Amino acid sequence: MNSPLRVAFAGTPEFAARALESILDAGHAVPLVLTQPDRPAGRGMKLTPSAVKQLALARGIDVDQPERLRTDEQRARLAACAPDVLVVAAYGLILPQAVLDLPRLGCLNIHASLLPRWRGAAPIHRAIEAGDAETGITIMQMDAGLDTGPMLLRRAEPILPADTTASLHDRLAALGGECIVEALAALAAGGLAATPQPAEGVTYAAKIGRAEAAADWTRPAADLERMMRAFDPFPGLASSLRGTVVKFWSAGVVDAGGVPGTVLAADDDGIVVACGRGALCCTVLQRPGSRRLPAGEFLRGFAVSVGECFATGEVPAA
């Protein structure tokens, strides 16, 4: 490759860690990593470093964890490392113009959609939920807007019929790592062609809220099946029966009908629940305090009878 760049990196979750690893393995110097402050996690709510911080420390890279980047003091370490470029991936902070202007070659963002579709916080979830046939990675030159900057590189990735957010996330994380290395190589060689995002086709991927977990059985079965996959691993698709919260992790659409929420069948093949159009044969389910179970095993621990009705549109208690 051409002369390696000094690449500062800003990111937090596993998606970003995959990109950082690819940048390091490509031979670029990474003098500083920015990531979110340690947060409580797990059953013990112990302060836990982000996936990016764990990788950076393992590779001997300096880490900075400012709460914001609004002041000169908060930006001091980034400015001091004098990066050629700042790469941003799922960082979790809005970058002020002073940060965007700091690196010699600007700031590049790794976004998990084919912009301008699904700007915003949850592009992987929303693409599955909407039934998109494909999504992908866009490398974008950052500006002051929300994912509005010019596009430098785009690569498509098909969304498979059984994809969950978890499975698609992993493929896009790997693709993001490949794309940013390609983009940095082009940047080091003299630049990348920037293409403005078209005004047509803009959609926004709102952050996923826990309230969205509540199954609305009046919706078509196909919609609920996509939501089930889009909300895996968080927040899941849930309903309640006899006061017990049940999460649904896998299902198929079947040609059956009844009052929405009504159980039409319950056996080892699955629990069939009527929807607004069609029905869902739910094959993997979970109760609080238990693991995900195939339908037959679930039923042996929690009996479900034909004719019972799951709650519709209620937000289950945590």
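I began with the distance between the centres of domain 1 and domain 2, which is 35 Å over C-alpha atoms. The model is predicted, and local features need pLDDT of at least 70, side-chain atom pairs count only at pLDDT 80 or more, while totals for chains, interfaces and linings use all residues. Residues are numbered from 1 along each chain as its sequence is written, and side-chain values use heavy atoms, with hydrogens and water left out.

Entry on the domains. I noted domain 1 as 6-205 and domain 2 as 210-309, bounds that come from an automatic or database domain assignment. Their contact (heavy atoms within 4.5 Å) takes 13 residues from domain 1 and ten from domain 2.

Entry on the interface. I found about 850 Å² buried between domain 1 and domain 2, with 49% given by carbon and sulfur atoms; buried area is the accessible area (1.4 Å probe) that two parts lose on being put together, summed over both. One salt bridge crosses this interface, the term standing for a side-chain nitrogen of Lys or Arg within 4 Å of a carboxyl oxygen of Asp or Glu. I also looked up the salt bridge of Arg 126 with Glu 212, whose closest N and O atoms are 2.8 Å apart.

Entry on the lining. I recorded 23 nonpolar, twelve polar and four charged residues in the lining of the largest pocket. Here Ala, Val, Leu, Ile, Met, Phe, Trp, Tyr, Cys and Pro count as nonpolar, Asp, Glu, Lys and Arg as charged, and the others, Gly among them, as polar.
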